[in-house]
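This report describes a protein for a reader who has its sequence and coordinates at hand. Please keep both in view while reading.

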Amino acid sequence: MKKTFREKMIVKFTQLAKKNELLRYPCLTALSVILGGYHICRHFVTNTKRYASVAFVIIFFMNSCSFSFAVFAERTGFIKAQETYSAIVEDIDISLAVETEIDPEPRIEIEDETDLEYNPKSGATGVDVYTLDDILGSDESYQSENTQEEGISEELAEDYVFVSTDWRLVLINKQHPIPEDYEFKLGKIKDGLLCDERIIDDLLLMMQAAKNDGLNIAIQSPYRTSDRQESNFNKRIKLYMGQGMSYMDAYKKASQVITVPGCSEHEIGLALDITSDTFQPLIQEFADTEEGKWLAEHSYEYGFILRYPSGKEYITSIEYEPWHFRYVGREAAKVMYEEGICLEEFWDKYL
Ligand SMILES: [Zn+2]
């Protein structure tokens, strides 16, 4: 019996494929192409199933394209890279998904300050900002119950000895995260405005002194929960990634602007961001305002230091923040102010 063209081809390619294992797939592909082509030609010639043939050619062409692309992508590692990238992006999205309700800190993006309108309950940046009037009620002035502590610091006694166990001097930075057993009690400044209760007296005295000099300094973001610190941090990473940075670069840059969660003094209630009733963005220009200058000059008298000074970035690893003040107690603050040293340098020298 005479074999058809189709049968001949199948026999030929099956033999070839059997002889050589490696040729199995190329043989099968070649066979389908030859048989496909043969059928199409035949149908065209006999004028039957012409539309079916055209459809077959189109589908075959599309399949080949996607197959070639898949092979190309596999070879070049394109798919792998894309999968890794999607996984990273997805990961980040998941960790950031819950943050939208909380408004943290990326106030540096605010470019047009003229739009800022002060609202004592919710500052221009959407974060609660409080002046002394907001805390005490207007026409009230703060009197310390501890009369000895009132006024500016006394001369530092010559025999004053600093000790490393003093809670006021605890060193928190990227290298020194908050110790697991660190304990403190939160006190209420006003409403949800909390900080270590032991610093409230000096804080209000400082605000009162500024007010006596005609300046309304305003506090924001004192105690922050670790969750909030983390949310601030992640939001900043997302912002930088949105600007085209890789995750690692964004992390590095974020850690220069916001302290890494678990390493922030805000989380132990000893730090506050301080601005004024007329200027709330946390930007370096705050240093040029009257309130910024007053704080830089007088905060030490009440036990506060400008924690991340200009020129000490290589030690603190944090950019100059003229609004971030840390309580260290009057004695240490006076030493740091007079010697122009930051907390890390103070530890090296005195503890
Ligand atoms: Zn701060």
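The sections below treat the overall fold, the nonpolar cores, a helix pair and several individual residues.

## Overall composition

The model is predicted. The protein contains 12 helices and seven strands. Of its 351 residues, 28% count as buried. Among contacts between residues at least 6 apart in sequence, 68% join residues at least 24 apart.

In soluble globular proteins, nonpolar side chains tend to be buried together. In this model, the largest nonpolar core comprises 45 residues, and the members that touch the most others are M206, F304, I305 and F325. The greatest contribution to this core comes from helix α6, residues 200-212, which supplies seven residues. A further core, of five residues, lies apart from it; F233, A250, A254 and I258 are among its members.

The surroundings of F304 can be listed individually. When residues up to four places away in sequence are not counted, F304 touches M206, S299, F325, R326, Y327 and A333.

## Residue A210 in helix α6

Helix α6 also holds A210. This residue is buried, because 24 other C-beta atoms lie within 10 Å, and the cut-off for a buried residue is 20 or more. Leaving aside neighbours within four places in sequence, A210 is in contact with L215, I217, E291 and W294. A210 and S299 are 89 residues apart along the chain, and their C-alpha atoms are separated by 9.5 Å. S299 is also one of the residues that F304 touches.

## Packing of α7 against α8

Helix α8 spans residues 247-257, and α7 packs with it at an angle of about 130°, the two axes being 8 Å apart. The arrangement of α7 to α8 is therefore oblique. The crossing of α7 past α8 is right-handed.

On the α7 side, the contact is made by F233, R236, I237, Y240 and M241; on the α8 side, by Y247, A250, Y251, K253, A254 and V257. By class, this contact has nine nonpolar residues, two charged residues and no polar residues.

## Two loop residues with positive phi

D191 is a residue other than glycine with a positive phi, near 45°. D191 is found in the loop between β2 (186-190) and β3 (193-196). D191 counts as exposed because it has 11 C-beta neighbours inside 10 Å, where the limit for exposed is 12 or fewer.

S221 likewise has a positive phi in a residue other than glycine, with a value near 50°. The loop holding S221 lies between β4 (217-220) and α7 (226-242). S221 has 23 C-beta neighbours inside 10 Å and so counts as buried.

## Residue L186 in strand β2

Strand β2 contains L186.

Not counting residues up to four places away in sequence, L186 touches L194, D196, E197, Y223 and G269. The C-alpha atoms of L186 and I268 are separated by 8.7 Å, and these two residues are 82 residues apart along the chain.

Note on methods:
Residues numbered from 1 in each chain as written. Predicted model: local features only at pLDDT ≥ 70, side-chain atom pairs only at ≥ 80, totals over all residues. Core = buried A, V, L, I, M, F, W, Y, C linked by C-beta atoms within 7 Å. Helix = DSSP H or I, 4+ residues; strand = E, 2+ residues; numbered from the N terminus. Contact = placed C-beta atoms within 7 Å. Axes fitted to C-alpha atoms, helices over the stretch in contact; angles between N-to-C directions. Parallel < 35°, antiparallel > 145°, perpendicular 65-115°, else oblique. Left-handed = near helix turned anticlockwise from the far one by under 90°. Nonpolar A, V, L, I, M, F, W, Y, C, P; charged D, E, K, R; others polar.
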